[in-house]
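Colleague: I am new to this structure and would like to learn how to read its features one at a time. Could we look at it together?

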Amino acid sequence: STLRQSLDPENCILGKDRPGVAAFLLNGNEGEELCAGLADVANHKRITEHTTFHAASLAKQFTALAIAI
């Protein structure tokens, strides 16, 4: 898929020394975790499948959008 190619560690569109992203692709009963970029730029700590994302502040915007729709 295009997302898989974009997040490939060797050719990542995010670059190797930038904040990153984690994604989970689900296709039927099969899933695949994709991680790219850095979780901690200052300490060059990469994002892994064990990285914790603090999404509480982001959830507010999605909740507001869902209510508005």
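Modeller: Let us begin with a term: two strands are said to pair if DSSP finds at least two bridges between them. Please keep in mind throughout that this is a predicted model.

Colleague: In what sense do strand β1 and strand β2 pair, and over how many bridges?

Modeller: Strand β1, residues 21-27, and strand β2, residues 30-36, run antiparallel to each other and are joined over seven bridges; to take one example, Phe 24 has Glu 33 in β2 as its bridge partner. The two strands form a hairpin with two residues between them, and Gly 28 in that turn has a positive phi of about 65°.

Colleague: Which residue has a positive phi although it is not a glycine?

Modeller: That is His 44, whose phi is about 55°; His 44 sits in the loop between β3 (38-40) and β4 (45-46), and with a relative accessible area of 54% it is exposed, since the cut-off for that word is over 50%.

Colleague: How many of the 13 residues of α2 are buried?

Modeller: The number is zero, so α2 lies largely in the open.

Colleague: Where does Thr 48 lie?

Modeller: Thr 48 is in the loop between β4 and α2 and is partly exposed, at 34% relative accessibility. A polar atom of the Thr 48 side chain lies 3.1 Å from the backbone nitrogen of His 50, while the C-alpha atoms of Thr 48 and Ala 36, 12 residues apart along the chain, are separated by 7.9 Å.

Technical notes. Residues are numbered from 1 along each chain as its sequence is written. This is a predicted model: local features need pLDDT of at least 70, side-chain atom pairs count only at pLDDT 80 or more; totals for chains, interfaces and linings use all residues. Side-chain values use heavy atoms; hydrogens and water are left out. Buried means under 20% relative accessible area, exposed over 50%, partly exposed in between (1.4 Å probe, protein chains only). Helices (H or I, at least four residues) and strands (E, at least two) are DSSP runs, numbered from the N terminus. A polar contact is a pair of N or O atoms within 3.5 Å; within protein, one must be able to donate a hydrogen and the other to accept it, and residues adjacent in sequence count only if both atoms are side-chain atoms.
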